Amino acid sequence: MWNPKSVLSLLLFSLFVHVALSDEPLYHYCFGQENYTAYSPFQSNLNDLLHTLSTKVPPTGFGLGSYGQSRNRVNGLALCRGDVSSSSCKTCVVDAGKELRERCPKEKGAIIWYDNCLLKYSNVDFFGDIDNQNKFYMYNVQDVEHPASFNRKVKRLLSSLSYKANATPKLYATGELELGASKKLYGLAQCTRDLSGADCRKCLDGAISELPSCCGGKQGGRVVGGSCNVRYELYPFVDA
């Protein structure tokens, strides 16, 4: 479950620029309020779910599923970044499942993020609900020269991408903004596809509103949640 200490510790950790390699997790939470035991029906259902997601998600970049009944029911989804290839998507989802089973071996709820994907499961049905609990921030330690003006341009770019993303089937958008002197600002906005278009935009706009407090005046920043994420950088970070 999200708490200020978790965010603070991640902010301190994120003082390194580009510390996370693309094949390493960015962060994870074990948030289940109930535990399960080894070789239990819940674990069997979880294994089936993770296998299903590893095959269902790569062709389109998103998938969800549920297995079991009552207390043994597990719900899950996985989302790959919109520009990621099917093969890289599959690798990421498979790795995410392995990592969560190692890092959260008992909890019935867990989420993990990579640059290329996120994976989440829970014994609670969360499909269609905006996840405001599981969230973290990352930023580039380098400051910009004119933070007030830069922050306005970040908001302008990401707000336009929020509007664009909620109207697309993939709930995903990228774009760039000219800064002058041959410089550009690059941005990304994406939601999990269990959300409606309206809720996607609500989630993205909420994330954008948090950027000034976590990443204001920084050369790059991200707000990464369980339902959506936004990112901006002064360099291109997605494949065309």
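Predicted model: local features only at pLDDT ≥ 70, side-chain atom pairs only at ≥ 80, totals over all residues.
In what order do the five strands of the open sheet follow one another, and with what pairing? The order is β1-β4-β5-β3-β2, and the pairing is antiparallel. At the edges lie β1 (27-30) and β2 (62-67), each of which pairs on one side only. Averaged over the sheet and with direction ignored, neighbouring strands are turned by 5° against each other. Residues are numbered from 1 along each chain as its sequence is written, and side-chain values use heavy atoms, with hydrogens and water left out.

Helices (H or I, at least four residues) and strands (E, at least two) are DSSP runs numbered from the N terminus, and two strands pair if DSSP finds at least two bridges between them. Within the sheet, strand β4 (residues 109-113) and strand β5 (residues 117-122) are joined in the antiparallel sense over five bridges. I111 has K120 of β5 as its bridge partner. Helix α2 (residues 41-56) touches β2, β3 (74-80) and β5, and its direction makes about 160° with that of β2. Helix α3 (residues 86-103) touches β1, β3, β4 and β5, its direction making about 45° with that of β5. For these angles, axes are lines fitted to C-alpha atoms, for helices over the stretch in contact, and the values run from 0 to 180 degrees between N-to-C directions.

A search of the whole structure returns six disulfides, a disulfide being a pair of cysteine sulfur atoms within 2.5 Å. With bonded cysteines counted along the chain, the pattern is 1-5, 2-3, 4-6, 7-8, 9-12, 10-11. One of the links joins C80 to C89, with an S to S distance of 2.0 Å. The link of C80 and C89 is right-handed, with 85° about the S-S bond. Both of these cysteines, C80 and C89, are buried, the term meaning under 20% relative accessible area, with exposed over 50% and partly exposed in between (1.4 Å probe, protein chains only).

A further disulfide connects C92 and C117 (S to S 2.1 Å). Its S-S torsion is about -85°, so the disulfide of C92 and C117 is left-handed. Because C92 lies in helix α3 and C117 in strand β5, the pair ties together parts that are 25 residues apart in sequence. C92 and C117 are buried.

The sulfur atoms of C203 and C228 are 2.2 Å apart and form another disulfide. The torsion about this S-S bond is about -90°, and the disulfide of C203 and C228 is therefore left-handed. Distant parts of the chain are linked here, with C203 in helix α5 (residues 197-215) and C228 in strand β10 (residues 228-233), 25 residues apart. Burial applies to both C203 and C228.

T192 is placed in the loop between β8 (183-191) and α5. This residue, T192, is buried, with a relative accessible area of 1%. When residues up to four places away in sequence are not counted, T192 touches F62, L77, L79, L118, L171, G226 and S227. The side chain of T192 also makes a polar contact with the side chain of D194 (2.6 Å). A polar contact is a pair of N or O atoms within 3.5 Å; within protein, one must be able to donate a hydrogen and the other to accept it, and residues adjacent in sequence count only if both atoms are side-chain atoms.

Technical notes: Contact = heavy atoms within 4.5 Å.
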